Amino acid sequence: MNEISLTSTFTEQRPGLVRLAYRMLGSTADAEDVVHDAWLRWLAADRSMVEAPAAYLRTIVTRLCLNELKSSRRLRETYVGPWLPDPIFDPEDGEAADDITLPLMIALERLSPLERAAFLLHDVFGLKFEAVAEAIGREATTCRKLASRARAHIHDARPRFAVPKEEGLRFAAAFFDASRTGDLAALRSMLAEDVITYADGGGRVAAPSQPLVGIAAVMARHASLARLFALRPSRLIRYAIIDGLPGFVTLEEETTVQTTALNIEDGKVIAIYVTRNPDKLRNVPAIGGA
(Lines give C-alpha, C1' and ligand atoms only; values in the text may rest on other atoms or scores of the structure.)
Protein backbone atom coordinates (compact mmCIF):
# COMPACT_ATOMS: atom_id res chain seq x y z
CA MET A 1 0.00 0.00 0.00
CA ASN A 2 1.64 3.27 -1.12
CA GLU A 3 1.55 6.54 0.83
CA ILE A 4 -1.40 7.96 -1.12
CA SER A 5 -3.61 4.91 -0.64
CA LEU A 6 -2.47 4.70 2.98
CA THR A 7 -3.73 8.21 3.65
CA SER A 8 -6.90 7.86 1.59
CA THR A 9 -7.84 4.64 3.39
CA PHE A 10 -7.55 6.31 6.77
CA THR A 11 -9.33 9.46 5.56
CA GLU A 12 -12.22 7.35 4.32
CA GLN A 13 -12.56 5.59 7.66
CA ARG A 14 -11.93 8.62 9.86
CA PRO A 15 -15.52 9.95 10.28
CA GLY A 16 -16.75 6.56 11.48
CA LEU A 17 -13.76 6.19 13.79
CA VAL A 18 -14.38 9.60 15.36
CA ARG A 19 -18.05 8.76 15.77
CA LEU A 20 -17.21 5.46 17.47
CA ALA A 21 -14.67 7.10 19.79
CA TYR A 22 -17.11 9.86 20.75
CA ARG A 23 -19.87 7.34 21.50
CA MET A 24 -17.42 5.41 23.67
CA LEU A 25 -15.97 8.39 25.53
CA GLY A 26 -18.53 11.20 25.46
CA SER A 27 -15.78 13.72 24.76
CA THR A 28 -15.02 15.25 21.37
CA ALA A 29 -11.47 16.18 22.38
CA ASP A 30 -10.71 12.67 23.68
CA ALA A 31 -12.26 11.14 20.56
CA GLU A 32 -10.03 13.26 18.31
CA ASP A 33 -6.96 12.33 20.40
CA VAL A 34 -7.78 8.62 20.14
CA VAL A 35 -8.25 8.80 16.36
CA HIS A 36 -4.99 10.73 16.00
CA ASP A 37 -3.23 8.02 18.01
CA ALA A 38 -4.84 5.42 15.76
CA TRP A 39 -3.44 7.28 12.73
CA LEU A 40 0.08 7.11 14.17
CA ARG A 41 -0.31 3.40 14.82
CA TRP A 42 -1.66 2.91 11.31
CA LEU A 43 1.45 4.59 9.90
CA ALA A 44 3.73 2.35 11.96
CA ALA A 45 1.85 -0.92 11.32
CA ASP A 46 3.07 -3.77 9.18
CA ARG A 47 0.28 -3.40 6.65
CA SER A 48 1.29 -6.55 4.84
CA MET A 49 -0.43 -8.31 7.74
CA VAL A 50 -3.59 -6.17 7.47
CA GLU A 51 -6.26 -7.92 5.42
CA ALA A 52 -9.16 -5.58 6.30
CA PRO A 53 -8.07 -1.99 7.01
CA ALA A 54 -11.49 -0.89 8.30
CA ALA A 55 -11.64 -3.71 10.86
CA TYR A 56 -8.01 -3.13 11.84
CA LEU A 57 -8.56 0.59 12.46
CA ARG A 58 -11.81 -0.05 14.32
CA THR A 59 -10.00 -2.49 16.59
CA ILE A 60 -7.26 0.03 17.33
CA VAL A 61 -9.78 2.76 18.18
CA THR A 62 -11.92 0.47 20.33
CA ARG A 63 -8.97 -0.73 22.38
CA LEU A 64 -7.61 2.79 22.81
CA CYS A 65 -11.06 3.86 24.02
CA LEU A 66 -11.19 0.98 26.50
CA ASN A 67 -7.85 2.13 27.89
CA GLU A 68 -9.07 5.72 28.05
CA LEU A 69 -12.24 4.74 29.90
CA LYS A 70 -10.20 3.30 32.74
CA SER A 71 -8.76 6.73 33.52
CA SER A 72 -11.78 8.87 32.58
CA ARG A 73 -14.09 6.94 34.90
CA ARG A 74 -11.83 7.77 37.83
CA LEU A 75 -11.97 11.44 36.86
CA ARG A 76 -15.77 11.39 36.66
CA GLU A 77 -15.99 10.03 40.20
CA THR A 78 -14.65 13.40 41.37
CA TYR A 79 -16.47 15.52 38.78
CA VAL A 80 -18.25 18.56 40.26
CA GLY A 81 -22.00 18.31 39.70
CA PRO A 82 -23.84 16.30 37.02
CA TRP A 83 -21.71 15.04 34.13
CA LEU A 84 -23.02 15.41 30.57
CA PRO A 85 -21.26 14.36 27.35
CA ASP A 86 -19.84 17.07 25.13
CA PRO A 87 -22.69 18.48 23.03
CA ILE A 88 -22.46 17.66 19.35
CA PHE A 89 -24.62 19.00 16.56
CA ASP A 90 -26.24 16.66 14.06
CA PRO A 91 -24.69 16.70 10.58
CA GLU A 92 -26.42 18.79 7.97
CA ASP A 93 -24.98 16.93 4.99
CA GLY A 94 -26.64 13.56 5.34
CA GLU A 95 -23.72 11.86 7.10
CA ALA A 96 -24.50 8.60 8.85
CA ALA A 97 -26.52 9.09 12.02
CA ASP A 98 -27.84 6.76 14.68
CA ASP A 99 -30.45 6.73 17.41
CA ILE A 100 -28.01 7.49 20.22
CA THR A 101 -29.50 10.54 21.91
CA LEU A 102 -28.19 12.43 24.91
CA PRO A 103 -30.22 10.38 27.46
CA LEU A 104 -28.80 7.19 26.00
CA MET A 105 -25.26 8.60 26.10
CA ILE A 106 -25.75 9.20 29.82
CA ALA A 107 -27.15 5.69 30.28
CA LEU A 108 -24.09 4.25 28.52
CA GLU A 109 -22.00 5.68 31.35
CA ARG A 110 -23.55 3.12 33.69
CA LEU A 111 -22.18 0.23 31.63
CA SER A 112 -18.81 -1.40 32.01
CA PRO A 113 -16.36 -0.44 29.26
CA LEU A 114 -16.69 -3.87 27.62
CA GLU A 115 -20.50 -3.76 27.74
CA ARG A 116 -20.41 -0.32 26.19
CA ALA A 117 -18.07 -1.43 23.41
CA ALA A 118 -20.06 -4.59 22.61
CA PHE A 119 -23.36 -2.70 22.51
CA LEU A 120 -22.06 0.12 20.33
CA LEU A 121 -20.20 -2.08 17.88
CA HIS A 122 -23.06 -4.55 17.43
CA ASP A 123 -26.30 -2.64 18.04
CA VAL A 124 -25.27 0.78 16.74
CA PHE A 125 -22.53 0.17 14.17
CA GLY A 126 -23.96 -3.13 12.94
CA LEU A 127 -20.94 -5.41 13.35
CA LYS A 128 -21.40 -9.15 13.69
CA PHE A 129 -20.36 -10.59 17.03
CA GLU A 130 -17.34 -12.27 15.42
CA ALA A 131 -16.07 -8.80 14.42
CA VAL A 132 -16.93 -7.41 17.87
CA ALA A 133 -14.93 -10.24 19.42
CA GLU A 134 -11.90 -9.33 17.31
CA ALA A 135 -12.19 -5.66 18.28
CA ILE A 136 -12.42 -6.13 22.05
CA GLY A 137 -10.43 -9.32 22.43
CA ARG A 138 -13.18 -11.57 23.78
CA GLU A 139 -15.04 -14.62 22.49
CA ALA A 140 -18.11 -14.01 20.33
CA THR A 141 -20.37 -15.72 22.89
CA THR A 142 -19.02 -13.39 25.59
CA CYS A 143 -19.65 -10.38 23.37
CA ARG A 144 -23.23 -11.53 22.80
CA LYS A 145 -23.76 -11.67 26.57
CA LEU A 146 -22.13 -8.27 27.08
CA ALA A 147 -24.42 -6.66 24.51
CA SER A 148 -27.47 -8.35 26.00
CA ARG A 149 -26.64 -7.08 29.50
CA ALA A 150 -26.09 -3.60 28.07
CA ARG A 151 -29.51 -3.61 26.39
CA ALA A 152 -31.19 -4.59 29.64
CA HIS A 153 -29.46 -1.79 31.57
CA ILE A 154 -30.28 0.98 29.09
CA HIS A 155 -33.68 -0.18 27.87
CA ASP A 156 -35.60 2.78 29.33
CA ALA A 157 -33.18 5.34 27.86
CA ARG A 158 -33.65 4.28 24.24
CA PRO A 159 -35.71 6.79 22.26
CA ARG A 160 -39.32 5.63 21.97
CA PHE A 161 -41.00 8.19 19.73
CA ALA A 162 -38.55 10.46 17.97
CA VAL A 163 -39.84 14.02 17.62
CA PRO A 164 -39.56 15.22 13.99
CA LYS A 165 -36.77 17.77 13.62
CA GLU A 166 -38.92 20.76 12.60
CA GLU A 167 -41.49 20.06 15.31
CA GLY A 168 -38.74 19.74 17.89
CA LEU A 169 -37.11 23.01 16.87
CA ARG A 170 -40.48 24.81 17.04
CA PHE A 171 -40.92 23.45 20.55
CA ALA A 172 -37.38 24.60 21.45
CA ALA A 173 -38.19 28.10 20.16
CA ALA A 174 -41.35 28.25 22.29
CA PHE A 175 -39.40 27.01 25.31
CA PHE A 176 -36.69 29.63 24.77
CA ASP A 177 -39.24 32.44 24.45
CA ALA A 178 -41.18 31.40 27.56
CA SER A 179 -38.10 30.87 29.71
CA ARG A 180 -36.33 34.08 28.66
CA THR A 181 -39.34 36.40 28.80
CA GLY A 182 -40.50 35.14 32.19
CA ASP A 183 -43.74 33.65 30.88
CA LEU A 184 -43.82 31.04 33.63
CA ALA A 185 -47.37 29.92 32.89
CA ALA A 186 -46.45 29.06 29.29
CA LEU A 187 -43.26 27.40 30.46
CA ARG A 188 -45.06 25.28 33.04
CA SER A 189 -47.52 24.07 30.40
CA MET A 190 -44.60 22.58 28.46
CA LEU A 191 -43.21 20.54 31.35
CA ALA A 192 -44.07 17.04 32.53
CA GLU A 193 -44.81 16.74 36.25
CA ASP A 194 -41.72 14.59 36.78
CA VAL A 195 -39.42 16.73 34.64
CA ILE A 196 -35.75 16.74 35.63
CA THR A 197 -32.99 19.26 34.86
CA TYR A 198 -29.31 18.38 34.61
CA ALA A 199 -26.81 21.24 34.47
CA ASP A 200 -23.13 20.58 33.79
CA GLY A 201 -20.87 23.40 34.91
CA GLY A 202 -18.00 21.09 35.86
CA GLY A 203 -17.08 23.41 38.72
CA ARG A 204 -15.96 25.96 36.14
CA VAL A 205 -19.12 28.09 36.01
CA ALA A 206 -22.23 28.38 38.17
CA ALA A 207 -24.67 25.47 37.87
CA PRO A 208 -26.84 23.46 40.30
CA SER A 209 -24.70 20.81 42.00
CA GLN A 210 -27.52 18.24 41.85
CA PRO A 211 -30.23 17.49 39.29
CA LEU A 212 -33.50 19.39 39.83
CA VAL A 213 -36.26 16.80 40.12
CA GLY A 214 -39.96 17.53 39.62
CA ILE A 215 -41.88 20.44 38.16
CA ALA A 216 -41.87 22.45 41.41
CA ALA A 217 -38.07 22.47 41.66
CA VAL A 218 -37.61 23.19 37.95
CA MET A 219 -40.15 26.03 37.98
CA ALA A 220 -38.56 27.56 41.10
CA ARG A 221 -35.23 27.60 39.28
CA HIS A 222 -36.75 29.26 36.21
CA ALA A 223 -38.53 31.86 38.36
CA SER A 224 -35.12 32.78 39.75
CA LEU A 225 -33.55 32.81 36.29
CA ALA A 226 -36.34 35.05 34.96
CA ARG A 227 -35.21 37.80 37.33
CA LEU A 228 -31.64 37.38 36.09
CA PHE A 229 -32.71 37.46 32.43
CA ALA A 230 -34.60 40.70 33.07
CA LEU A 231 -31.32 42.33 34.11
CA ARG A 232 -28.99 40.55 31.70
CA PRO A 233 -30.88 39.13 28.73
CA SER A 234 -29.91 35.77 27.31
CA ARG A 235 -28.63 36.07 23.73
CA LEU A 236 -29.79 33.39 21.31
CA ILE A 237 -27.02 32.09 19.06
CA ARG A 238 -29.11 29.52 17.22
CA TYR A 239 -31.55 26.65 17.51
CA ALA A 240 -30.04 23.21 16.92
CA ILE A 241 -30.38 19.48 17.25
CA ILE A 242 -27.99 18.63 20.09
CA ASP A 243 -27.08 14.97 20.52
CA GLY A 244 -30.33 14.03 18.84
CA LEU A 245 -32.52 16.37 20.90
CA PRO A 246 -33.99 19.76 19.95
CA GLY A 247 -32.53 22.72 21.76
CA PHE A 248 -30.64 25.96 21.47
CA VAL A 249 -27.27 27.61 21.98
CA THR A 250 -27.14 30.85 23.96
CA LEU A 251 -24.77 33.39 25.41
CA GLU A 252 -25.55 33.89 29.09
CA GLU A 253 -24.40 36.69 31.38
CA GLU A 254 -22.60 38.19 28.35
CA THR A 255 -19.71 35.71 28.51
CA THR A 256 -20.93 32.14 29.15
CA VAL A 257 -21.80 29.96 26.16
CA GLN A 258 -24.48 27.39 26.99
CA THR A 259 -26.35 24.62 25.22
CA THR A 260 -29.84 23.52 26.26
CA ALA A 261 -31.31 20.25 24.96
CA LEU A 262 -34.90 19.12 25.56
CA ASN A 263 -36.11 15.55 25.82
CA ILE A 264 -39.75 15.62 24.71
CA GLU A 265 -42.33 12.86 25.09
CA ASP A 266 -46.06 13.14 24.43
CA GLY A 267 -45.77 16.89 23.90
CA LYS A 268 -44.08 17.55 27.26
CA VAL A 269 -40.47 18.11 28.30
CA ILE A 270 -39.40 15.22 30.51
CA ALA A 271 -35.77 16.30 30.85
CA ILE A 272 -33.67 19.42 30.30
CA TYR A 273 -29.91 19.11 29.71
CA VAL A 274 -27.85 22.27 30.16
CA THR A 275 -24.14 22.29 29.37
CA ARG A 276 -22.15 25.27 30.66
CA ASN A 277 -18.70 23.82 31.25
CA PRO A 278 -16.47 25.85 28.87
CA ASP A 279 -14.14 22.86 28.37
CA LYS A 280 -17.03 21.07 26.63
CA LEU A 281 -18.08 23.99 24.45
CA ARG A 282 -14.91 24.70 22.51
CA ASN A 283 -16.39 23.28 19.30
CA VAL A 284 -19.67 25.19 19.53
CA PRO A 285 -20.15 27.19 16.28
CA ALA A 286 -18.85 30.71 16.60
CA ILE A 287 -21.29 33.41 17.63
CA GLY A 288 -20.38 35.43 14.61
CA GLY A 289 -21.59 32.61 12.34
CA ALA A 290 -25.06 32.38 13.91
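I began with the charge over a ring, and found that Arg 238 lies over the face of Phe 89, at 4.8 Å from the ring centre (the rule asks for NZ of Lys or CZ of Arg within 6 Å of the ring centre and within 35 degrees of the ring normal). I noted that the model is predicted, that local features need pLDDT of at least 70 and side-chain atom pairs 80 or more, while totals for chains, interfaces and linings use all residues. Residues are numbered from 1 along each chain as its sequence is written, and side-chain values use heavy atoms, with hydrogens and water left out.

Next I looked up the aromatic pairs, of which the structure holds seven (ring centres of Phe, Tyr or Trp, the last by its six-membered ring, within 6.5 Å; planes under 30 degrees apart are stacked, over 60 edge-to-face, the rest tilted). Trp 42 and Tyr 56 form a tilted pair, with 5.9 Å centre to centre and 50 degrees between the planes. Trp 42 lies in helix α2 and Tyr 56 in helix α3, so this pair ties together parts that are 14 residues apart in sequence.

I then checked burial (buried is under 20% relative accessible area, exposed over 50%, partly exposed in between, with a 1.4 Å probe and protein chains only). Trp 42, at 0% relative accessibility, counts as buried, whereas Tyr 56, at 28%, counts as partly exposed.

For Phe 176 and Phe 248 I noted ring centres 5.3 Å apart and planes at 75 degrees, so the pair is edge-to-face. Both residues are buried, and ring pairs link Phe 175, Phe 176, Tyr 239 and Phe 248 into a cluster.

Terms used
Helix = DSSP H or I, 4+ residues; strand = E, 2+ residues; numbered from the N terminus.
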